[in-house]
Amino acid sequence: MHKSAQYYDKLTVTKPTLPDFDLFVESLRAIWKSKYLTNMGPFHDRLEAALAEYLNVPFISLFCNGTIALQTGLQALHITGEVITTPFTFPATVHAIYWNRCTPVFCDIDLETLSLNPEQVETLITPETTAIMPCHVYGKPSNTAALQRIADLHGLKTFYDAAHAFGVKPLGELRDTFWGDMSMLSFHATKVFNTIEGGALVMHERKMKNRVDYLKNFGIADEVTIVGQGINGKMNEVCAAFGLLQLDRLEQDFAMRQVLDAQYRERLQRIPGVRPLAHGSNYERNYCYFPVFIEEEFGITRDALHDKLVSECIYPRRYFYPLVSQAPCYRRLPSADPANLPNAHAVAKKVLCLPFYTDLQQDDVHRVCDVIEQARM
Ligand code: T4K
(Lines give C-alpha, C1' and ligand atoms only; values in the text may rest on other atoms or scores of the structure.)
Protein backbone atom coordinates (compact mmCIF):
# COMPACT_ATOMS: atom_id res chain seq x y z
CA MET A 1 0.00 0.00 0.00
CA HIS A 2 1.20 3.51 -0.78
CA LYS A 3 2.49 5.19 2.39
CA SER A 4 0.08 8.13 2.20
CA ALA A 5 -2.90 5.78 1.80
CA GLN A 6 -1.72 3.87 4.86
CA TYR A 7 -1.19 7.12 6.72
CA TYR A 8 -4.78 8.12 6.29
CA ASP A 9 -6.10 4.73 7.38
CA LYS A 10 -8.54 5.15 10.22
CA LEU A 11 -6.96 4.63 13.61
CA THR A 12 -9.82 3.50 15.85
CA VAL A 13 -9.79 3.16 19.63
CA THR A 14 -9.36 -0.57 19.23
CA LYS A 15 -9.33 -3.28 16.60
CA PRO A 16 -9.91 -6.96 17.22
CA THR A 17 -7.07 -9.44 17.25
CA LEU A 18 -7.84 -12.32 14.91
CA PRO A 19 -6.62 -15.92 14.94
CA ASP A 20 -4.85 -17.46 11.98
CA PHE A 21 -7.48 -17.76 9.23
CA ASP A 22 -6.44 -21.22 7.99
CA LEU A 23 -6.42 -22.66 11.49
CA PHE A 24 -9.88 -21.23 12.05
CA VAL A 25 -11.09 -22.87 8.83
CA GLU A 26 -9.77 -26.19 10.15
CA SER A 27 -11.83 -25.72 13.31
CA LEU A 28 -14.86 -24.84 11.20
CA ARG A 29 -14.40 -28.07 9.22
CA ALA A 30 -14.53 -30.03 12.48
CA ILE A 31 -17.71 -28.20 13.48
CA TRP A 32 -19.27 -28.84 10.04
CA LYS A 33 -18.40 -32.52 10.33
CA SER A 34 -19.79 -32.98 13.82
CA LYS A 35 -22.83 -30.74 13.20
CA TYR A 36 -22.48 -29.84 16.88
CA LEU A 37 -23.05 -26.09 16.79
CA THR A 38 -23.91 -25.07 20.34
CA ASN A 39 -25.18 -26.26 23.77
CA MET A 40 -21.87 -26.95 25.50
CA GLY A 41 -20.14 -28.85 22.68
CA PRO A 42 -16.54 -30.03 22.55
CA PHE A 43 -14.99 -26.64 21.66
CA HIS A 44 -16.96 -24.98 24.46
CA ASP A 45 -15.73 -27.52 26.99
CA ARG A 46 -12.13 -27.32 25.78
CA LEU A 47 -12.12 -23.53 25.96
CA GLU A 48 -13.67 -23.55 29.42
CA ALA A 49 -10.97 -25.92 30.72
CA ALA A 50 -8.18 -24.00 28.97
CA LEU A 51 -9.35 -20.67 30.39
CA ALA A 52 -9.67 -21.98 33.95
CA GLU A 53 -6.06 -23.09 33.67
CA TYR A 54 -4.78 -19.95 31.93
CA LEU A 55 -6.51 -17.59 34.36
CA ASN A 56 -5.70 -19.82 37.33
CA VAL A 57 -9.27 -19.64 38.63
CA PRO A 58 -11.19 -22.40 40.41
CA PHE A 59 -14.30 -22.39 38.18
CA ILE A 60 -15.38 -20.56 35.05
CA SER A 61 -18.54 -20.70 32.96
CA LEU A 62 -18.62 -19.41 29.38
CA PHE A 63 -21.34 -17.12 28.05
CA CYS A 64 -22.60 -15.70 24.77
CA ASN A 65 -21.58 -12.22 25.95
CA GLY A 66 -20.57 -10.36 29.08
CA THR A 67 -23.91 -8.63 29.59
CA ILE A 68 -25.91 -11.86 29.87
CA ALA A 69 -23.16 -13.18 32.15
CA LEU A 70 -23.66 -10.15 34.43
CA GLN A 71 -27.41 -10.70 34.54
CA THR A 72 -27.01 -14.40 35.23
CA GLY A 73 -24.40 -13.79 37.91
CA LEU A 74 -26.75 -11.53 39.83
CA GLN A 75 -29.41 -14.26 39.65
CA ALA A 76 -27.00 -16.95 40.74
CA LEU A 77 -25.91 -14.89 43.75
CA HIS A 78 -29.59 -14.24 44.68
CA ILE A 79 -29.06 -10.49 44.64
CA THR A 80 -32.13 -8.42 45.54
CA GLY A 81 -32.89 -4.86 46.70
CA GLU A 82 -30.09 -2.31 46.33
CA VAL A 83 -26.74 -2.83 44.64
CA ILE A 84 -23.97 -0.28 45.15
CA THR A 85 -22.23 0.31 41.86
CA THR A 86 -20.12 2.73 39.88
CA PRO A 87 -21.20 5.37 37.39
CA PHE A 88 -17.79 5.12 35.69
CA THR A 89 -18.51 2.01 33.65
CA PHE A 90 -20.14 0.78 30.47
CA PRO A 91 -23.97 0.94 30.69
CA ALA A 92 -24.18 -2.88 30.79
CA THR A 93 -23.07 -2.98 34.44
CA VAL A 94 -25.97 -0.88 35.62
CA HIS A 95 -28.50 -2.28 33.15
CA ALA A 96 -27.81 -5.79 34.48
CA ILE A 97 -28.80 -4.60 37.96
CA TYR A 98 -31.99 -3.07 36.57
CA TRP A 99 -32.85 -6.21 34.53
CA ASN A 100 -32.67 -8.16 37.79
CA ARG A 101 -35.30 -5.81 39.28
CA CYS A 102 -32.77 -4.37 41.71
CA THR A 103 -32.00 -0.70 42.34
CA PRO A 104 -28.59 0.60 41.35
CA VAL A 105 -27.10 2.94 43.96
CA PHE A 106 -24.31 5.03 42.47
CA CYS A 107 -21.17 5.57 44.50
CA ASP A 108 -18.31 7.88 43.59
CA ILE A 109 -14.96 6.53 42.40
CA ASP A 110 -11.55 7.11 43.86
CA LEU A 111 -9.07 8.87 41.63
CA GLU A 112 -6.40 6.21 41.78
CA THR A 113 -8.29 3.03 40.87
CA LEU A 114 -11.16 4.81 39.06
CA SER A 115 -13.35 2.21 40.79
CA LEU A 116 -15.58 2.45 43.87
CA ASN A 117 -14.34 4.53 46.76
CA PRO A 118 -14.63 2.09 49.71
CA GLU A 119 -15.25 4.85 52.26
CA GLN A 120 -18.20 6.16 50.33
CA VAL A 121 -19.54 2.64 49.74
CA GLU A 122 -19.91 2.26 53.49
CA THR A 123 -22.04 5.42 53.77
CA LEU A 124 -24.46 4.11 51.14
CA ILE A 125 -25.28 0.76 52.79
CA THR A 126 -28.92 0.44 53.90
CA PRO A 127 -30.96 -2.56 55.14
CA GLU A 128 -31.89 -3.10 51.45
CA THR A 129 -28.30 -3.42 50.23
CA THR A 130 -27.27 -6.93 49.21
CA ALA A 131 -24.24 -6.45 46.97
CA ILE A 132 -21.37 -4.25 45.86
CA MET A 133 -20.71 -4.23 42.13
CA PRO A 134 -17.49 -2.42 41.20
CA CYS A 135 -15.69 -2.41 37.86
CA HIS A 136 -11.98 -3.05 37.25
CA VAL A 137 -11.87 -0.18 34.75
CA TYR A 138 -9.27 -0.51 31.94
CA GLY A 139 -8.05 -3.65 33.71
CA LYS A 140 -6.82 -1.63 36.70
CA PRO A 141 -7.96 -3.48 39.84
CA SER A 142 -10.41 -1.94 42.29
CA ASN A 143 -9.43 -1.62 45.93
CA THR A 144 -10.64 -5.18 46.41
CA ALA A 145 -9.22 -5.81 49.89
CA ALA A 146 -11.03 -2.78 51.37
CA LEU A 147 -14.24 -3.55 49.49
CA GLN A 148 -14.17 -7.18 50.67
CA ARG A 149 -13.70 -6.06 54.29
CA ILE A 150 -16.78 -3.86 54.00
CA ALA A 151 -18.77 -6.61 52.31
CA ASP A 152 -17.83 -9.12 55.01
CA LEU A 153 -18.68 -6.68 57.77
CA HIS A 154 -22.15 -6.04 56.37
CA GLY A 155 -22.92 -9.49 54.94
CA LEU A 156 -22.87 -8.29 51.31
CA LYS A 157 -21.78 -10.05 48.12
CA THR A 158 -19.03 -8.65 45.89
CA PHE A 159 -19.59 -9.08 42.16
CA TYR A 160 -16.91 -7.55 39.93
CA ASP A 161 -17.45 -6.32 36.44
CA ALA A 162 -14.05 -7.51 35.23
CA ALA A 163 -14.95 -7.04 31.55
CA HIS A 164 -11.60 -5.31 30.96
CA ALA A 165 -9.52 -7.47 33.26
CA PHE A 166 -8.88 -10.64 31.26
CA GLY A 167 -5.29 -11.75 31.86
CA VAL A 168 -4.65 -9.29 34.68
CA LYS A 169 -2.61 -11.30 37.17
CA PRO A 170 -3.32 -10.22 40.73
CA LEU A 171 -0.31 -10.29 43.05
CA GLY A 172 0.12 -10.31 46.86
CA GLU A 173 -2.93 -9.47 48.95
CA LEU A 174 -4.92 -8.74 45.80
CA ARG A 175 -4.73 -12.40 44.77
CA ASP A 176 -7.28 -13.39 47.45
CA THR A 177 -9.81 -10.70 46.69
CA PHE A 178 -9.47 -9.86 42.99
CA TRP A 179 -12.45 -11.93 41.79
CA GLY A 180 -14.75 -11.21 44.79
CA ASP A 181 -17.63 -13.67 45.22
CA MET A 182 -17.95 -13.67 41.46
CA SER A 183 -16.54 -11.81 38.46
CA MET A 184 -17.61 -11.27 34.89
CA LEU A 185 -15.22 -11.21 31.93
CA SER A 186 -16.12 -9.92 28.47
CA PHE A 187 -14.74 -11.56 25.34
CA HIS A 188 -16.25 -9.00 22.98
CA ALA A 189 -14.41 -8.26 19.71
CA THR A 190 -12.94 -5.12 21.28
CA LYS A 191 -11.32 -6.92 24.23
CA VAL A 192 -7.74 -8.22 24.64
CA PHE A 193 -9.04 -11.78 24.42
CA ASN A 194 -12.02 -12.05 22.13
CA THR A 195 -14.35 -14.79 20.92
CA ILE A 196 -16.18 -12.35 18.55
CA GLU A 197 -18.93 -12.06 21.18
CA GLY A 198 -18.57 -13.84 24.47
CA GLY A 199 -18.03 -13.63 28.17
CA ALA A 200 -17.62 -15.67 31.32
CA LEU A 201 -18.33 -15.85 35.02
CA VAL A 202 -15.55 -16.77 37.41
CA MET A 203 -16.41 -18.28 40.80
CA HIS A 204 -14.95 -20.25 43.68
CA GLU A 205 -17.21 -23.26 44.25
CA ARG A 206 -18.41 -26.22 42.21
CA LYS A 207 -21.93 -25.74 43.58
CA MET A 208 -22.06 -22.18 42.27
CA LYS A 209 -20.67 -23.27 38.89
CA ASN A 210 -23.44 -25.86 38.63
CA ARG A 211 -26.04 -23.22 39.39
CA VAL A 212 -24.59 -20.80 36.83
CA ASP A 213 -24.43 -23.60 34.24
CA TYR A 214 -28.12 -24.40 34.77
CA LEU A 215 -29.11 -20.75 34.67
CA LYS A 216 -27.35 -20.09 31.37
CA ASN A 217 -29.22 -23.06 29.86
CA PHE A 218 -32.83 -22.07 30.68
CA GLY A 219 -32.51 -23.54 34.18
CA ILE A 220 -32.44 -27.04 32.67
CA ALA A 221 -30.52 -29.60 34.71
CA ASP A 222 -31.46 -32.63 32.58
CA GLU A 223 -34.20 -33.70 30.16
CA VAL A 224 -36.86 -33.76 32.84
CA THR A 225 -35.58 -31.28 35.46
CA ILE A 226 -35.90 -27.50 35.48
CA VAL A 227 -34.16 -26.07 38.53
CA GLY A 228 -34.81 -22.34 38.00
CA GLN A 229 -35.84 -19.49 35.75
CA GLY A 230 -32.80 -19.54 33.51
CA ILE A 231 -31.91 -17.75 30.33
CA ASN A 232 -30.14 -18.65 27.09
CA GLY A 233 -26.58 -17.52 27.77
CA LYS A 234 -24.60 -20.31 26.08
CA MET A 235 -21.47 -19.72 24.04
CA ASN A 236 -21.69 -21.41 20.63
CA GLU A 237 -19.06 -23.68 19.09
CA VAL A 238 -17.84 -21.20 16.45
CA CYS A 239 -17.04 -18.58 19.11
CA ALA A 240 -15.42 -21.19 21.36
CA ALA A 241 -13.23 -22.49 18.51
CA PHE A 242 -12.22 -18.90 17.67
CA GLY A 243 -11.30 -18.34 21.33
CA LEU A 244 -9.20 -21.48 21.61
CA LEU A 245 -6.99 -20.25 18.77
CA GLN A 246 -6.68 -16.82 20.41
CA LEU A 247 -5.26 -18.32 23.57
CA ASP A 248 -2.13 -19.49 21.79
CA ARG A 249 -1.04 -15.96 20.88
CA LEU A 250 -1.95 -14.13 24.08
CA GLU A 251 1.47 -13.78 25.66
CA GLN A 252 2.86 -12.48 22.37
CA ASP A 253 -0.04 -9.98 22.14
CA PHE A 254 0.53 -8.70 25.66
CA ALA A 255 4.23 -8.23 24.90
CA MET A 256 3.42 -6.24 21.73
CA ARG A 257 0.95 -4.07 23.63
CA GLN A 258 3.53 -3.48 26.34
CA VAL A 259 5.92 -2.04 23.74
CA LEU A 260 3.22 0.27 22.36
CA ASP A 261 2.25 1.34 25.89
CA ALA A 262 5.87 2.27 26.66
CA GLN A 263 6.16 4.13 23.38
CA TYR A 264 3.04 6.21 24.05
CA ARG A 265 4.28 7.03 27.56
CA GLU A 266 7.68 8.04 26.26
CA ARG A 267 6.19 10.43 23.71
CA LEU A 268 3.45 11.84 25.93
CA GLN A 269 5.71 12.68 28.87
CA ARG A 270 6.98 15.52 26.70
CA ILE A 271 3.48 16.95 26.21
CA PRO A 272 2.34 18.95 29.27
CA GLY A 273 -1.25 18.34 30.33
CA VAL A 274 -1.61 14.84 28.87
CA ARG A 275 -1.47 12.31 31.69
CA PRO A 276 -1.63 8.57 30.94
CA LEU A 277 -3.36 6.37 33.52
CA ALA A 278 -0.73 5.35 36.09
CA HIS A 279 -0.04 1.63 36.38
CA GLY A 280 -0.28 0.04 39.82
CA SER A 281 2.32 -2.33 41.25
CA ASN A 282 0.20 -5.12 42.77
CA TYR A 283 -0.85 -6.79 39.51
CA GLU A 284 0.49 -7.78 36.09
CA ARG A 285 -1.17 -5.69 33.43
CA ASN A 286 -3.06 -6.75 30.33
CA TYR A 287 -2.62 -3.48 28.40
CA CYS A 288 -6.23 -3.45 27.22
CA TYR A 289 -6.75 0.30 26.69
CA PHE A 290 -4.57 3.39 26.65
CA PRO A 291 -6.51 6.06 28.56
CA VAL A 292 -5.09 9.55 29.04
CA PHE A 293 -6.46 12.49 31.01
CA ILE A 294 -6.42 15.91 29.39
CA GLU A 295 -5.63 18.39 32.14
CA GLU A 296 -6.20 22.17 32.04
CA GLU A 297 -2.50 22.70 31.45
CA PHE A 298 -2.91 21.18 28.01
CA GLY A 299 -4.56 24.39 26.85
CA ILE A 300 -7.53 23.02 24.93
CA THR A 301 -10.32 20.83 26.22
CA ARG A 302 -10.56 17.06 25.91
CA ASP A 303 -13.48 17.47 23.50
CA ALA A 304 -11.55 19.93 21.34
CA LEU A 305 -8.65 17.47 21.20
CA HIS A 306 -11.04 14.64 20.39
CA ASP A 307 -12.48 16.62 17.46
CA LYS A 308 -9.02 17.51 16.24
CA LEU A 309 -7.98 13.85 16.23
CA VAL A 310 -11.17 12.85 14.42
CA SER A 311 -10.47 15.49 11.76
CA GLU A 312 -7.18 13.62 11.19
CA CYS A 313 -8.94 10.22 10.84
CA ILE A 314 -7.98 9.19 14.39
CA TYR A 315 -10.91 7.92 16.45
CA PRO A 316 -10.22 7.86 20.18
CA ARG A 317 -13.17 7.23 22.54
CA ARG A 318 -14.34 8.99 25.68
CA TYR A 319 -14.93 5.83 27.73
CA PHE A 320 -16.94 6.47 29.94
CA TYR A 321 -18.56 9.75 28.98
CA PRO A 322 -21.34 10.61 29.46
CA LEU A 323 -21.66 8.78 32.75
CA VAL A 324 -24.35 6.11 32.79
CA SER A 325 -25.78 7.85 35.89
CA GLN A 326 -26.65 10.77 33.57
CA ALA A 327 -28.71 8.59 31.21
CA PRO A 328 -32.42 9.53 31.26
CA CYS A 329 -33.30 6.11 32.71
CA TYR A 330 -31.10 6.63 35.80
CA ARG A 331 -30.56 10.34 36.33
CA ARG A 332 -33.59 10.77 38.60
CA LEU A 333 -32.24 8.27 41.12
CA PRO A 334 -31.18 10.18 44.27
CA SER A 335 -27.70 8.60 44.07
CA ALA A 336 -27.24 9.88 40.50
CA ASP A 337 -27.03 13.50 41.70
CA PRO A 338 -23.74 14.84 40.26
CA ALA A 339 -23.04 16.49 43.63
CA ASN A 340 -22.52 12.96 45.06
CA LEU A 341 -20.24 11.86 42.23
CA PRO A 342 -17.66 14.63 41.78
CA ASN A 343 -14.69 12.37 40.95
CA ALA A 344 -16.61 10.36 38.39
CA HIS A 345 -17.77 13.57 36.68
CA ALA A 346 -14.28 15.08 36.75
CA VAL A 347 -12.68 11.95 35.24
CA ALA A 348 -15.41 11.48 32.61
CA LYS A 349 -14.79 15.06 31.49
CA LYS A 350 -11.11 14.58 30.78
CA VAL A 351 -10.58 10.97 29.78
CA LEU A 352 -9.68 9.96 26.25
CA CYS A 353 -8.82 6.40 25.20
CA LEU A 354 -6.26 6.60 22.42
CA PRO A 355 -6.03 4.01 19.62
CA PHE A 356 -4.53 0.89 21.15
CA TYR A 357 -4.51 -2.65 19.81
CA THR A 358 -2.07 -5.42 19.02
CA ASP A 359 -1.72 -4.59 15.32
CA LEU A 360 -1.16 -0.86 15.93
CA GLN A 361 2.14 0.16 14.37
CA GLN A 362 4.81 2.22 16.12
CA ASP A 363 4.40 4.80 13.32
CA ASP A 364 0.74 5.05 14.24
CA VAL A 365 1.64 5.91 17.83
CA HIS A 366 3.86 8.72 16.52
CA ARG A 367 1.09 9.90 14.23
CA VAL A 368 -1.38 10.13 17.16
CA CYS A 369 1.18 11.89 19.37
CA ASP A 370 2.13 14.31 16.59
CA VAL A 371 -1.50 15.41 16.24
CA ILE A 372 -1.83 15.79 20.03
CA GLU A 373 1.38 17.84 20.14
CA GLN A 374 0.23 20.10 17.31
CA ALA A 375 -3.26 20.52 18.81
CA ARG A 376 -1.93 22.52 21.77
CA MET A 377 0.20 24.87 19.71
N1 T4K B 1 -18.88 -4.00 31.35
C2 T4K B 1 -17.91 -3.22 30.84
C3 T4K B 1 -17.05 -2.44 31.77
C4 T4K B 1 -17.71 -3.16 29.45
O5 T4K B 1 -16.76 -2.36 28.95
C6 T4K B 1 -18.53 -3.93 28.62
C7 T4K B 1 -18.37 -3.85 27.18
C8 T4K B 1 -19.51 -4.76 29.20
C9 T4K B 1 -19.66 -4.76 30.58
C10 T4K B 1 -20.41 -5.63 28.38
O11 T4K B 1 -19.72 -6.74 27.83
P12 T4K B 1 -20.28 -7.39 26.44
O13 T4K B 1 -21.72 -7.71 26.65
O14 T4K B 1 -20.03 -6.37 25.33
O15 T4K B 1 -19.42 -8.62 26.29
C16 T4K B 1 -17.63 -1.40 22.81
C17 T4K B 1 -18.03 -2.85 22.97
O18 T4K B 1 -19.14 -3.19 22.13
C19 T4K B 1 -18.33 -3.25 24.37
O20 T4K B 1 -18.24 -4.66 24.42
C21 T4K B 1 -17.32 -2.68 25.33
N22 T4K B 1 -17.65 -2.94 26.69
C23 T4K B 1 -17.21 -1.18 25.14
C24 T4K B 1 -16.21 -0.55 26.07
O25 T4K B 1 -16.79 -0.94 23.80
P26 T4K B 1 -18.78 0.59 21.61
O27 T4K B 1 -20.20 0.98 21.48
O28 T4K B 1 -17.80 1.62 21.97
O29 T4K B 1 -18.30 -0.22 20.32
P30 T4K B 1 -18.00 0.27 18.84
O31 T4K B 1 -18.81 -0.59 17.93
O32 T4K B 1 -18.16 1.72 18.73
O33 T4K B 1 -16.49 -0.17 18.65
C34 T4K B 1 -15.38 0.62 19.09
C35 T4K B 1 -14.33 0.61 18.00
O36 T4K B 1 -13.81 -0.69 17.83
C37 T4K B 1 -14.86 1.04 16.64
O38 T4K B 1 -14.46 2.37 16.44
C39 T4K B 1 -14.16 0.15 15.64
C40 T4K B 1 -13.58 -0.98 16.46
N41 T4K B 1 -14.20 -2.26 16.13
C42 T4K B 1 -15.34 -2.64 16.78
C43 T4K B 1 -15.93 -3.84 16.48
C44 T4K B 1 -17.19 -4.28 17.18
C45 T4K B 1 -13.62 -3.07 15.18
O46 T4K B 1 -12.58 -2.70 14.60
N47 T4K B 1 -14.19 -4.28 14.91
C48 T4K B 1 -15.32 -4.71 15.51
O49 T4K B 1 -15.79 -5.82 15.25
O50 T4K B 1 -18.75 -0.59 22.69
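Where is Pro322 found? Select Pro322, and you are in the loop between strand 15 and helix 13, where helices (H or I, at least four residues) and strands (E, at least two) are DSSP runs, numbered from the N terminus. The model on screen is predicted, so local features need a pLDDT of at least 70 and side-chain atom pairs count only at pLDDT 80 or more, while totals for chains, interfaces and linings use all residues. Residues are numbered from 1 along each chain as its sequence is written, and side-chain values use heavy atoms, with hydrogens and water left out.

Most residues other than glycine have a negative phi, and most peptide bonds are trans.

**The ligand**

From Tyr319, move to the ligand: a polar side-chain atom of Tyr319 lies 2.5 Å from an oxygen atom of the ligand. Asp161 places a polar side-chain atom 2.6 Å from a nitrogen atom of the ligand, and His188 places one 3.3 Å from an oxygen atom of the ligand. The protein covers 74% of the 910 Å² of accessible area that the ligand has on its own, with accessible areas taken from the Shrake-Rupley method with a 1.4 Å probe and, for residues, only the protein chains shown counting as cover. Showing the surroundings brings up 26 residues, the closest being Thr67, Asp161, His164, Ser186 and Tyr319; a residue is included if one of its heavy atoms lies within 4 Å of the ligand.

Select strand 6 (residues 157–161), in which 4 of the 5 residues are buried; buried means under 20% relative accessible area, exposed over 50%, and partly exposed in between (1.4 Å probe, protein chains only).

Strand 3 and strand 4 (residues 103–106) run parallel and are joined by 4 bridges, with Thr103 as the bridge partner of Glu82.

Select Ser61 in strand 2 (residues 59–63), a residue that is buried, with a relative accessible area of 0%. Its side chain makes a polar contact with the side chain of Asp213 (2.7 Å), and the side chain of Ser61 makes another with that of Lys216 (3.1 Å). A polar contact is a pair of N or O atoms within 3.5 Å; within protein, one must be able to donate a hydrogen and the other to accept it, and residues adjacent in sequence count only if both atoms are side-chain atoms.

Extending the selection shows Glu48, Lys209, Asp213 and Lys216 linked in a network of salt bridges, a salt bridge being a side-chain nitrogen of Lys or Arg within 4 Å of a carboxyl oxygen of Asp or Glu. Side chains of opposite charge can pair when their charged atoms come close.

**Other salt bridges**

A search of the whole structure finds 16 salt bridges. Among them, Arg302 pairs with Asp303, the closest N and O atoms being 2.7 Å apart; Arg302 is buried at 3% relative accessible area, whereas Asp303 is partly exposed at 29%. Another salt bridge joins Arg249 and Asp253 (3.0 Å, N to O), and Asp253 is buried, with a relative accessible area of 3%.

**Stops on the surface**

Select Lys35 in the loop between helix 2 (21–34) and helix 3 (42–55). Lys35 has a positive phi of about 55 degrees although it is not a glycine, and counts as exposed at 69% relative accessibility. His78, in the loop between helix 4 (66–76) and strand 3, has a positive phi of about 60 degrees, again without being a glycine, and is exposed, with a relative accessible area of 56%.

Key. Pairing = 2+ DSSP bridges.
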